[in-house]
Amino acid sequence: MIVRIYPSEISGTIKAPQSKSLAIRLIFLSLFTRIHLHNLVLSEDVIDAINSVRALGVEVKNNSEFIPPEKLEIKKKFIKLKGSGTTLRMLIPIVAAIGGEVTIDAEESLRRRPLKRIVEALTNYGISFSSSSLPLTITGKLSSYNIKISGDESSQYISGLIYALHILNGGSIEILPPISSKSYILLTVDLFNRFGSNVKFYGNKIHINPNNLVEFQGEVAGDYGLASFYALSALVSGGRTTIVNLWEPKKYFGDHSIVKILKEMGATSEYLDGKWYVEAKDKYSSIKVNIDDAPDLAMTIAGLAAIAEGTSEITGIERLRIKESDRIESIRKVLGLYGVGSEVKSNSILIFGINKRMLSSPITDCLNDHRVAMMSSALALVNGGVITSAECVSKSNPNYWQDLLSLNAKISIE
């Protein structure tokens, strides 16, 4: 797919894309209780999660209703994913807790993702692995209720272990620092507790004392990270937008912190009663921000930093190298095509903002990374641009291009 973008001013009200992080977690909760998700958007990552719970015995009706099995067991010896890192990394400890043998594989982008820390950890507790990357055969059953794991590679392992220890009727997790993307662990803890479980997170330890989980029927809440590209589009193009279907920002640093970050850069950015109000200003300020606990915000911040006054610095970026693309290099490459300079240091990237009238109108490839396409599309709203392989947005938000059209963007889709 090729998307041609012409100079446009974004305006209007838009519903936030459903949170794939929350959707995946809700789908995995169907291992324990009935889940009925209204109007579920079937992004590629969500489909990966659905196929995974099916392989573990969950009955799935109309890709919206999920009924737990009487007994959890591995129904399929081979599970093929597309590109969902969250699904993969949560699935591994879950199948280890159920016990048996299963082979997991995926498309090339996910095969490149490291699995070192979960392999290291579970090898100590009765699980054998054929490899530390996909394709991967897992054999055995988790033999301990007290797990130690390094927290530097991915928070998704820890979220998966919380599910695993619910399968085993309780236990504890000790996370060896540093703890990366802590906000996503807190999301998992909060979700289980809202459904009636008893999960405590103190310091670097998580204690799981399962209770029966209540059923859920409703719609998946909006995603701040994905919604932030609508906000960025308005701010870059000189427009305004209201984004609805969002929960109130939490006190800890996470994807929701983008509301505050954009405000600190000089934008009008306010949350009130489920709505995020965004309006452009004539100029924006540079910023220094550590995104280690919410790495998916890097692209949005980089997009606004490109037209901010002065030099912005995004720190805590090391794990951006193991996303759908090497996002450090992706940011540099895309910004460079628009005429914006950048420099990578040991664990940070400097972005040298320019006047937005100086932005180029390039042809960019999404590099098989949905957030690359979204960042590039926002910058193209100023002087135009072309994005190839633009279907990559389907990984997280298949409605993205239609949403931009509804916000007054002038685009053509080929």
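Buried means under 20% relative accessible area, exposed means over 50%, and partly exposed lies in between, using a 1.4 Å probe and protein chains only. Helices (H or I, at least four residues) and strands (E, at least two) are DSSP runs, numbered from the N terminus.

This is a predicted model, where local features need pLDDT of at least 70, side-chain atom pairs count only at pLDDT 80 or more, and totals for chains, interfaces and linings use all residues. Residues are numbered from 1 along each chain as its sequence is written, and side-chain values use heavy atoms, leaving out hydrogens and water.

Start with helix 8, residues 224-237. Of its 14 residues, 14 are buried. At its start, a side-chain oxygen of Asp 223 comes within 2.8 Å of the backbone nitrogen of Gly 225. After the helix comes Gly 238, with a positive phi near 85°.

Next, salt bridges. That term means a side-chain nitrogen of Lys or Arg within 4 Å of a carboxyl oxygen of Asp or Glu. The structure holds 18.

Take Lys 82 and Glu 107, at 2.9 Å, N to O. The two sit in loops, 25 residues apart. Lys 82 is partly exposed at 30%, and Glu 107 is partly exposed at 38%.

Now Arg 327 and Asp 296. Their closest N and O atoms are 3.2 Å apart. Arg 327 lies in helix 11 and Asp 296 in a loop, so the pair ties together parts 31 residues apart in sequence. Arg 327 is buried at 2%; Asp 296 is buried at 13%. Shared partners join Asp 296, Arg 327, Asp 369 and Arg 371 into one network of salt bridges.

Technical notes. The expected span of a helix is 1.5 Å times one less than its number of residues. A polar contact is a pair of N or O atoms within 3.5 Å; within protein, one must be able to donate a hydrogen and the other to accept it, and residues adjacent in sequence count only if both atoms are side-chain atoms.
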